[in-house]
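Good morning. Please look at the sequence and the model on the screen, and I will go through a few parts of it.

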Amino acid sequence: MKNKNLIIYIVICLIIIAGIAVWEAKGFRTEMQFALRKEIELTNYTGIDISDMESIVSEVLGNTKFMVQPVETFGNAVVVVAKDITEEQRDSIVTKFNEKYGTEVKSENIKIESIPFTRIKDVIKEYLAPGIATLLLVLVYFIIRYKKIGWKQVTLKTILAPIVSELLLFSIISITRLPFSRFIVSLGVGLYISIIIALTVMFENKRNKLLKELESNT
Amino acid sequence: MKKLKLVTKVIAIIIICLIGFVGIYLPWKKPLEMNNKIKDFSLGKDFTGYREIFLDLSEANKVLDSDKKVVGDTDTYDDSSIKSNKYTKSEEKVNSSESLTVENYEKSKSIVEKRIKALGVQEYNLSMDKETGRIYIQIPENSLTDRVVSNITEIGSIELKDSKDSSKVFLTNQNFKNAKVMYGSTTTGSAVYLEMQFDKEGKNILKDLSENEYKKIEEEKSSSEDEENKADESDKKETEEKAEQKEVTIYMSGSEVTSTSFEEPVTDGKISLRMGQVTKDTDSLQESATSANAVATILNNGVMPLKYKVAENRYIKSEIKTNIIRNLLIVVSVVFVVLLVLMIIKHKIRGVLATLSYIAFVSLYLVLLRIFNVTITMEGIIGGIIVLALNYIINIKLINIKDNKKYYKTYLDIIIKLLPIFAMSIIFVFIPVMSLSSLGMVMFWGIALILAHNVAVTKYILDI
């Protein structure tokens, strides 16, 4: 059992080290919502079908990942967002748009807006202070309630478990080049909650076991 | 009798499920029009959409009056108004080339972020281009949005100047401490005031100004050419300027706000500006208070080192398409259906009853989230999945207990195990970050319902 645990710990450490190394070398891959991207807005008077626009943009941009999102609520404006939109690509999109909707939009009037990338630390920083604060409160509760288990063991596990699990999650994302997105952030929060639940159950069961042993000895 | 009891229980569960999944439809104003009395889900900006704002550095030139004093810039004054006011357009830009540094861009971004948070926005994305200084903002579309957009680019400077000679600046942001909104009542009604507090030096200046004296102390350092007298000698020359009733003008972000001559000495370092009219109308008061809060927010969060303008401001519908949410819900539902089927297979009749109880739980949970207007974000959905998983595990624990005493003992054990996470969810509710407060609310109601449901409904259905 001890050997099995040791192997698991070694594997976890290796994954984390590898993850940090990949992150240092390449950083995280990000979803378009956080990446540096370009955007153009197109409007008409008659209304724009999103799937039609997606076909038009797909013809021009090919395999480049893009999004077509409605602007306002009138159904006659969209933004096309992609990692890069060159002037030639913009001109092609405008030409096909004019052909589709019978409009006379001029390419030179359509500005390619550059949207700066969002730093991942700016996304995560909102979660750090509440996470640390709640962890400390939970730690105090655990130390008081599970003093029979030993405060050192309780403290070590309570602090290490969430940190190691979050590092493991981000290492896996880094190594597998999964794009960092809002979903990954919420997954990280869910993982933190689950770890606290698991720690509570583990400590509570251990405490009950110790109490039973104490009772049977007396 | 037993069969009747079972049928009654099943009918009760079905009614609860119908309310939760379908709703309560009652006649709306017109007789043939039905309206669901249970509100729809409140969704966060991840699922609905957001306001997208581009802030670009202003390329405006300063505009001068006939006395060559700065009255504004070409963002505020167009050519016709410059001509009609007999102003001139200066060659000097509002943002000098020396001020266009990465440090100033970062400082501007930081101040914009503080203002967004202070104006009550709980969900936002903010990014900045270090080369151009462009700031990109995404905020939810709601009643706060337009107010945020109109206030985030304000410079935030405050100056108290001599009304007769605007080159004499008595107080600036360096002396400013903070601003807050106060209410004052008179016999004719109430009014909203913006109270500005200045520091110790500012307090003394205000006292002197309001007591009709303004002492100007000049220090002259003179040094002797003689080597023996090289030790520092400073001569203090004190000149006293006795002013008449001092009238001062308050400027905010370069614009004149009001002029005042002090009715009585100001000894506490505070100036109060009335915002709006004295009124008994609560809506007008509320509007004045909202404006005053916005001004206080701008003043309290620092002076922008650069002038920005709103280059683009539009509402974008979410990129998370409804079919993605639908697919996620389908996957989660399939997983839980499989787990419930396994529960039925393993525990037979009691498994069926526990499954019915579980379905009733899901239905009540959805109703609670809608009634209490819980905003659903990504984190909220994750929290909901955790709650559903917890309830499933608890049902498995309780399903085979037939003894009342043992049931309550196990139930108490469950309460103790849920306590830390319940406390955490309460803390998250009060954090001014939408994703975390959504998670907190979802988990709070989920855990509260788990505790109530398993003693009221599950126990009743399992007939313990």
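Which residue in β11(B) is the bridge partner of B:Leu160? The partner is B:Leu171. Before I go on, some housekeeping. This is a predicted model, in which local features need pLDDT of at least 70 and side-chain atom pairs count only at pLDDT 80 or more, while totals for chains, interfaces and linings use all residues. Residues are numbered from 1 along each chain as its sequence is written, chains are lettered from A and ligands numbered from 1 in the order in which they are written, and side-chain values use heavy atoms, with hydrogens and water left out.

Back to the strands. Helices (H or I, at least four residues) and strands (E, at least two) are DSSP runs, numbered from the N terminus. Two strands pair if DSSP finds at least two bridges between them. Strand β10 of chain B, residues 158-162, has four of its five residues buried, so it is largely enclosed by the rest of the structure. Buried here means under 20% relative accessible area, exposed means over 50%, and partly exposed is in between, with a 1.4 Å probe and protein chains only. β10(B) pairs with β11(B), residues 169-171, in the antiparallel sense over two bridges, and the two form a hairpin with six residues between them. β10(B) is also joined to β16(B), residues 247-252, by five bridges, again antiparallel. There, B:Lys161 stands opposite B:Thr249. B:Lys161 also lies over the face of B:Tyr251, at 4.6 Å from the ring centre. The rule for that is NZ of Lys or CZ of Arg within 6 Å of the ring centre and within 35 degrees of the ring normal.

Next, the aromatic rings. Rings of Phe, Tyr and Trp (its six-membered ring) pair if their centres lie within 6.5 Å; planes under 30 degrees apart count as stacked, over 60 as edge-to-face and the rest as tilted. Over all chains, the search finds 20 aromatic pairs. In one of them, B:Phe336 and B:Tyr358 are stacked, at 6.1 Å centre to centre and 25 degrees between the planes. Both residues are buried. In another, B:Phe372 and B:Trp445 have ring centres 4.1 Å apart and planes at 15 degrees, so this pair is stacked as well. B:Phe372 is in the loop between α7 and β20 of chain B and B:Trp445 is in helix α10 of chain B, so the pair ties together parts 73 residues apart in sequence.

Now the two chains together. How many residues does each chain bring to the contact? Chain A gives 49 residues and chain B gives 46, where contact means heavy atoms within 4.5 Å. Eight salt bridges are found across this interface. A salt bridge is a side-chain nitrogen of Lys or Arg within 4 Å of a carboxyl oxygen of Asp or Glu. One of them links A:Asp122 and B:Lys109, at 2.8 Å from N to O.

Over all chains there are 29 salt bridges. B:Glu113 and A:Lys125 form one, at 3.2 Å from N to O. B:Glu113 sits in helix α3 of chain B and A:Lys125 in helix α4 of chain A, so this pair joins two chains. B:Glu113 is buried, with a relative accessible area of 10%, whereas A:Lys125 is partly exposed, at 35%.

Within chain B, B:Glu52 forms a salt bridge with B:Arg314, the closest N and O atoms being 2.9 Å apart. Both of these residues are buried. That is the end of my part.
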